[in-house]
Amino acid sequence: MNRIMTDSVLVSFETTWATAAVAHDTTTLLCMLANNFVDTNWQGMLRTRRDVLASGPVAPPGLTQHFSEWRIDRFDNTVLVRGLNTIAGADNKPVSTLRFTDVLRYLDGRWQATAAQETMVRQ
């Protein structure tokens, strides 16, 4: 993977990660999450890489994710990605909205997520 990540590649990384989390695609998650990854989820619980891999899908089937309000900041081998994830049901009506901040680092020749945090936005 290229060390230089354009905005479109970062958005693709984020959407692939979100899709893998929903589908519980452990092969993809193993590649994307650093060994020291820690997530502070919307409920305030800490989840390590091991926790994420051991858990099931993060959402029931039939939900879709719509990302917006991207903000990307780069610092040498670290990237902060912030945005809004609106989760919709089969009728395309919003079920929940999460504001997120993700930290990506260039480690072992590839970009990996080292930290994540989600906050539920009141509807």
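**Exercise 1. Identify which residues of α1 are buried, and state how they are arranged around the axis.**

Solution. Step 1: apply the accessibility classes, in which buried means under 20% relative accessible area, exposed over 50%, and partly exposed in between (1.4 Å probe, protein chains only). Helices (H or I, at least four residues) and strands (E, at least two) are DSSP runs, numbered from the N terminus. The model is predicted, so local features need pLDDT of at least 70 and side-chain atom pairs count only at pLDDT 80 or more, whereas totals for chains, interfaces and linings use all residues. Residues are numbered from 1 along each chain as its sequence is written, and side-chain values use heavy atoms, with hydrogens and water left out.

Step 1: list the buried residues of α1, namely L10, F13, E14, W17, A18, A20 and A21. They lie on the same side of α1, because they cover an arc of only 165° around the axis, the arc being that of the directions from the helix axis to the C-beta atoms. An α-helix has 3.6 residues a turn, so residues three or four places apart point the same way.

Step 2: inspect the other side of α1, where S8 and A23 are exposed.

Step 3: check the span. The 17 residues of α1 reach 24 Å from first C-alpha to last, close to the 24 Å expected at 1.5 Å a residue; the expected span is 1.5 Å times one less than the number of residues.

**Exercise 2. Determine how many salt bridges the model contains, and describe the partners.**

Solution. Step 1: state the criterion, a side-chain nitrogen of Lys or Arg within 4 Å of a carboxyl oxygen of Asp or Glu. By this criterion there are five salt bridges.

Step 1: examine R74 and D7, whose closest N and O atoms are 2.7 Å apart. This pair links distant parts of the chain, with R74 in strand β3 (residues 64-75) and D7 in helix α1 (residues 7-23), 67 residues apart. R74 is partly exposed at 42% relative accessibility, and D7 is partly exposed at 42%.

Step 2: examine E69 and R99, which meet in a salt bridge at 3.0 Å, N to O. Here too distant parts of the chain are linked: E69 belongs to strand β3 and R99 to strand β5 (residues 94-107), 30 residues apart. E69 is partly exposed, with a relative accessible area of 48%, and R99 is partly exposed, with 38%.

Step 3: look for shared partners. Salt bridges join R71, D73 and R82 into one network.

Step 4: examine R47 and D39, with closest N and O atoms 3.5 Å apart. R47 counts as buried at 18% relative accessibility, and D39 is buried at 4%.

**Exercise 3. Describe the largest pocket by volume, lining and composition.**

Solution. On a 1 Å grid over the protein atoms alone, a pocket is an open set of points where a 1.4 Å probe fits, with protein on both sides within 12 Å along at least five of seven lines; lining residues have an atom within 4 Å of a point.

Step 1: read the volume. The largest pocket holds about 700 Å³ of space, a volume being the space filled by probe spheres set on the grid points, which are joined across faces, edges and corners.

Step 2: locate the lining. It has 31 residues, of which A21, V58, Q65, L98 and E118 are the closest to the centre. The elements giving two or more residues to the lining are α1, β1 (33-40), β3, β4 (78-88), β5 and β6 (110-121).

Step 3: sort the lining residues into 21 nonpolar, five polar and five charged. Ala, Val, Leu, Ile, Met, Phe, Trp, Tyr, Cys and Pro count as nonpolar, Asp, Glu, Lys and Arg as charged, and the others, Gly among them, as polar.
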